[in-house]
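Have the structure open while you read.

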Amino acid sequence: MGTSVGASVEAVFREERGRLLAALVHRFGDLDLAEEVASEAAEAALTHWPAQGVPSRPGAWLLTVARRRAVDRLRRDRAYAARLAVLRAEAERAEPAPPADAGADGPGDDLPDERLLLFFTCAHPALAAEDRLALTLRCLAGLTTAEAARALLVPTATAAQRIVRAKGKIRRARIPFRVPGADELPERLPGVLRVLYALFTEGYTASSGSELQRAALAGEAVRLARILHRLLPAEREATGLLALMLLVHARRDARTGPDGGLVPLTGQDRGRWDRAMIGEGLALVRTALTGGPPGPYGVQAAIAALHDEAADAAATDWPQIAALYDVLLALDPSPVVALNRAVAVAMRDGPGAGLAVLDDLAGEPRLRGHHPYPAARGELLHRLGRFPEAAGAYREALRLAGTEPERAHLRRRLAQAEAGGPPDG
């Protein structure tokens, strides 16, 4: 029983950590304290749950224990408590005053989720952009340092340094954890959108583990994106991000087979896609693309819409998708966008054309540890009948892949290439 309960605690803590930290930071105003007592609450669960059973609301149990530990810590350390009191007083002085007629629909409902509130807090302009993103992904979005590093396409050590640097800046500059004013939200929005997208991406394809997806995490990202869209309905990129998430999350049930194995997009049973979610996403895409030049999330949502509207894989409008990737690359010249564009070019113009684009990206350092790059090269080389080269690319992708379903898929492809046979689908 101990092993199963330990795994249960780990799973609960992994999914609840972001909400737990957000609630604790909102209450006590100190991120280091929040992290310490959250860890202590997880240790307490490992002690109590084997004997008492897993509670019906494990997240609430962890929060109660963590709050008690924090109060105990502050009672013991008066100097620490005094410093936090000063920070909280400064935050309250800086808090925008609610209008006199604010009631049930007033500012208190503007940011109804503590985690989303703190995403905006950690998007403070005093922090370097990459530092605040790493901090938010690690501490409030609930990703591990390695997962945050994957989202940033940097080594784990680099992500860790950025997190430490951001925490130090918050302490030295005495940056308060407070609700940003309405005039501050647009400036901080791009950072929050990036965090939500990274959170969703980790849920869509996990960094590691026995399962391809963390569906609950992806669903949580969708929930937060809905809140953000309600908060800022005129922000077209917030609309675009929600549309993108819905259109991609709608395929979740078809992305794995009965055994949990990876099913590529071209082989998915489209009857298992969530058509209601797709319909909602399509309506949002139209809004995101109306009223001016599109933003990156709106363009990505348009690409996802073309996939979802196709009756089957053969009917996919690859010329339009490739053209949209050209637009997206101009808006967001990132290596991941360039990689995805290469795949679209291959589908439009043939594997040789796509491989030429991929080869142009070979020197991009941010793709060296990113397994989709060698996996895509392997696929195109395989389709060209260059079996030994394909096998080498698959081996490199296999070395880098994080989840067992991805590794199993690559092992199957590797075996086909080594046998000199075509890829199956």
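α6 passes α9 in a right-handed crossing (right-handed if the near helix is turned clockwise from the far one by less than a right angle, left-handed if anticlockwise). This is a predicted model, where local features need pLDDT of at least 70 and side-chain atom pairs count only at pLDDT 80 or more, while totals for chains, interfaces and linings use all residues. Residues are numbered from 1 along each chain as its sequence is written, and side-chain values use heavy atoms, with hydrogens and water left out.

**α6 against α9**

- Helix α6 covers residues 129-140 and helix α9 covers residues 185-204; their axes come within 10 Å and cross at roughly 45°. The axes are lines fitted to C-alpha atoms, for helices over the stretch in contact, with angles running from 0 to 180 degrees between N-to-C directions.
- That angle makes α6 oblique to α9 (under 35 degrees is roughly parallel, over 145 roughly antiparallel, 65 to 115 roughly perpendicular, and the rest oblique).
- On the α6 side, Glu 130, Leu 133, Thr 136 and Leu 137 meet Arg 194, Val 195 and Ala 198 of α9; contact here means heavy atoms within 4.5 Å.
- Sorted by class, the residues of this α6 and α9 contact come out as 4 nonpolar, 1 polar and 2 charged. Nonpolar takes in Ala, Val, Leu, Ile, Met, Phe, Trp, Tyr, Cys and Pro, charged takes in Asp, Glu, Lys and Arg, and the others, Gly among them, are polar.

**α11 against α13**

- Helix α11 (residues 236-249) packs on helix α13 (residues 296-309) at an angle of about 30°, and their axes are 8 Å apart.
- That makes α11 roughly parallel to α13, and the crossing of the pair is left-handed.
- From α11, the contact uses Glu 237, Gly 240, Leu 241, Ala 243, Leu 244, Leu 247 and Val 248. From α13, the residues include Tyr 297, Gly 298, Gln 300, Ala 301 and Asp 308.
- The α11 and α13 contact has 10 nonpolar, 3 polar and 2 charged residues.

**α15 against α17**

- α15 and helix α17 (residues 372-383) have axes that come within 10 Å and cross at roughly 15°.
- That makes α15 roughly parallel to α17, again with a left-handed crossing.
- Leu 339, Val 343, Ala 346 and Met 347 of α15 meet Pro 372, Tyr 373, Ala 376, Leu 380 and Arg 383 of α17.
- By class, this α15 and α17 contact splits into 8 nonpolar, no polar and 1 charged.

- Val 336 is in helix α15 (residues 335-349). With 27% relative accessibility, Val 336 counts as partly exposed (buried is under 20% relative accessible area, exposed is over 50%, and partly exposed is in between, using a 1.4 Å probe and protein chains only).
- Which residues does Val 336 contact, leaving aside its neighbours within four places in sequence? They are Leu 153, Leu 367 and His 370.
- Val 336 and Pro 372 sit 36 residues apart in sequence, and their C-alpha atoms are 9.1 Å apart in space.
- Asn 340 is also in helix α15, and is partly exposed at a relative accessible area of 33%. Its C-alpha is 9.5 Å from that of Leu 358, 18 residues apart along the chain.
- Leu 153 lies in the loop between α7 and α8 (156-173), and is buried at 19% relative accessibility. Although not a glycine, Leu 153 has a positive phi of about 55°.
- In helix α7 (residues 145-152), the buried residues are Thr 145, Glu 147, Ala 148, Ala 149 and Leu 152.

**His 229**

- His 229 belongs to helix α10 (residues 215-231), and is buried with a relative accessible area of 17%.

**The whole chain**

- The protein has 19 helices and 0 strands; helices (H or I, at least four residues) and strands (E, at least two) are DSSP runs, numbered from the N terminus.
- Of the 425 residues in the protein, 50% are buried.
- Among contacts between residues at least 6 apart in sequence, 66% join residues at least 24 apart.
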